[in-house]
Amino acid sequence: MAESQPVNDVIELFNKGNAAGMLNNFAEAFDYYRKAADLGYAPAQCNLAYCYEKGHGVPYNFAKMLDYYQKSVKQGYAPAMCNLGWCYESGNGVEMDLDKAVAYYTKAAELGYAPAQSNLGFCYENGNGVTKDIGQAFRWYRQAAAQGNVFAQYNLGVCYEFGKGTTSDLAKAIELYRKSAEHGYAPAQNCLGMCYENGNGVPKNPLVAHEWYNYAASQGHLTAKKNLDNLKKK
């Protein structure tokens, strides 16, 4: 970060950008992020890259997206590593490269960043850019879930329900599904509904199953919609 600029001033610019973004004032947010980013503030560089990636407050520009993510990454900022990893995994703005995706996820995961830990777990579970290793998937899901990551909580719940990378434990699966579901994650809501419908790890309760299916279905989860329709026919 530029030595001549007081740290508090740069952070204030960044915070103003966040405040504007929360109000969907993307052009204003972009302007604040740009000022803080050009003063070398890594979180602002990451957020500015995201603006270029999503076209928030500025036209899409993948070259600038990549430039600012890389600037942020060079300063060791884990969220930028994770975002850049996702770009390489999905081919968003860059040529798809699963090896690079895993490398960026790993760096961020080892710094303790939960979204990267969750994404890395998914890569290991599915063999994306790495040799498939359900034990490693379980390890990274568990670390991310412990930090409250809803995607990892769901995936870890699946591991416990079906004994993937660990011993089957329906009580833990239910606990994890519930944590994820209560934060609005539709796949977890659907799985929790299935557990209540079939009595897996919980007493069978069609009314509670209906409630969780309905939550998931209202978010467009297709399997939950089918499960809800089938439950109504019983």
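The following questions and answers set values from a predicted model against the definitions behind the terms.

Residues are numbered from 1 along each chain as its sequence is written. In this predicted model, local features need pLDDT of at least 70 and side-chain atom pairs count only at pLDDT 80 or more, while totals for chains, interfaces and linings use all residues; side-chain values use heavy atoms, with hydrogens and water left out.

Q: What makes up the secondary structure of the protein?
A: The protein has 13 helices and zero strands. Helices (H or I, at least four residues) and strands (E, at least two) are DSSP runs, numbered from the N terminus. Read from that end, the elements run α-α-α-α-α-α-α-α-α-α-α-α-α. The C-alpha atoms fill a box of roughly 65 × 40 × 30 Å along the principal axes.

Q: Why is the pair of Tyr-88 and Tyr-104 called stacked?
A: Rings of Phe, Tyr and Trp (its six-membered ring) pair if their centres lie within 6.5 Å; planes under 30 degrees apart count as stacked, over 60 as edge-to-face and the rest as tilted. A search of the whole structure finds 11 aromatic pairs. For Tyr-88 and Tyr-104 the centres are 6.0 Å apart and the planes stand at 10°, so this pair is stacked. Tyr-88 belongs to helix H5 (residues 78-90) and Tyr-104 to helix H6 (residues 98-110), 16 residues apart.

Q: Are Tyr-88 and Tyr-104 buried or exposed?
A: Both Tyr-88 and Tyr-104 are buried. Buried means under 20% relative accessible area, exposed over 50%, and partly exposed in between (1.4 Å probe, protein chains only).

Q: Why is the pair of Phe-138 and Tyr-160 called edge-to-face?
A: The planes of Phe-138 and Tyr-160 stand at 80° and the ring centres are 5.4 Å apart, so the pair is edge-to-face. Phe-138 lies in helix H8 (residues 134-146) and Tyr-160 in helix H9 (residues 150-162), so the pair ties together parts 22 residues apart in sequence. Phe-138 and Tyr-160 are buried.

Q: Which residues do ring pairs link into a cluster?
A: The cluster consists of Phe-151, Tyr-154, Tyr-177 and Tyr-185.

Q: How do you know that Ser-180 is buried, and what does it touch?
A: Ser-180 has 0% relative accessibility, so it counts as buried. This serine sits in helix H10 (residues 170-182). Contact means heavy atoms within 4.5 Å. Leaving aside neighbours within four places in sequence, Ser-180 is in contact with Val-150, Gln-153, Tyr-154, Tyr-185 and Ala-188. Tyr-154 and Tyr-185 are also members of the ring cluster.

Q: What places Val-158 among the buried residues?
A: Val-158 counts as buried because its relative accessibility is 14%. The residue is in helix H9 and touches Lys-164 and Tyr-177, not counting residues up to four places away in sequence. The C-alpha atoms of Val-158 and Asp-169, 11 residues apart along the chain, are separated by 9.9 Å.

Q: What sets the phi of Asn-24 apart?
A: Phi of Asn-24 is near 65°, a positive value in a residue other than glycine. Most residues other than glycine have a negative phi. Asn-24 is in the loop between helix H1 (7-22) and helix H2 (26-38). At 54% relative accessibility, Asn-24 counts as exposed.

Q: How do you know that Asn-8 is exposed?
A: The relative accessibility of Asn-8 is 62%, so Asn-8 counts as exposed. Asn-8 is found in helix H1. Its C-alpha atom is separated by 22 Å from that of Ala-49, 41 residues apart along the chain.

Q: What makes Lys-71 a charge over the face of Tyr-68?
A: A charge sits over a ring if NZ of Lys or CZ of Arg is within 6 Å of the ring centre and within 35 degrees of the ring normal. Lys-71 lies over the face of Tyr-68, at 4.7 Å from the ring centre.

Q: How many of the residues of the protein count as buried?
A: Of the 234 residues, 45% count as buried. Among contacts with a separation of 6 or more, 41% are between residues 24 or more positions apart.
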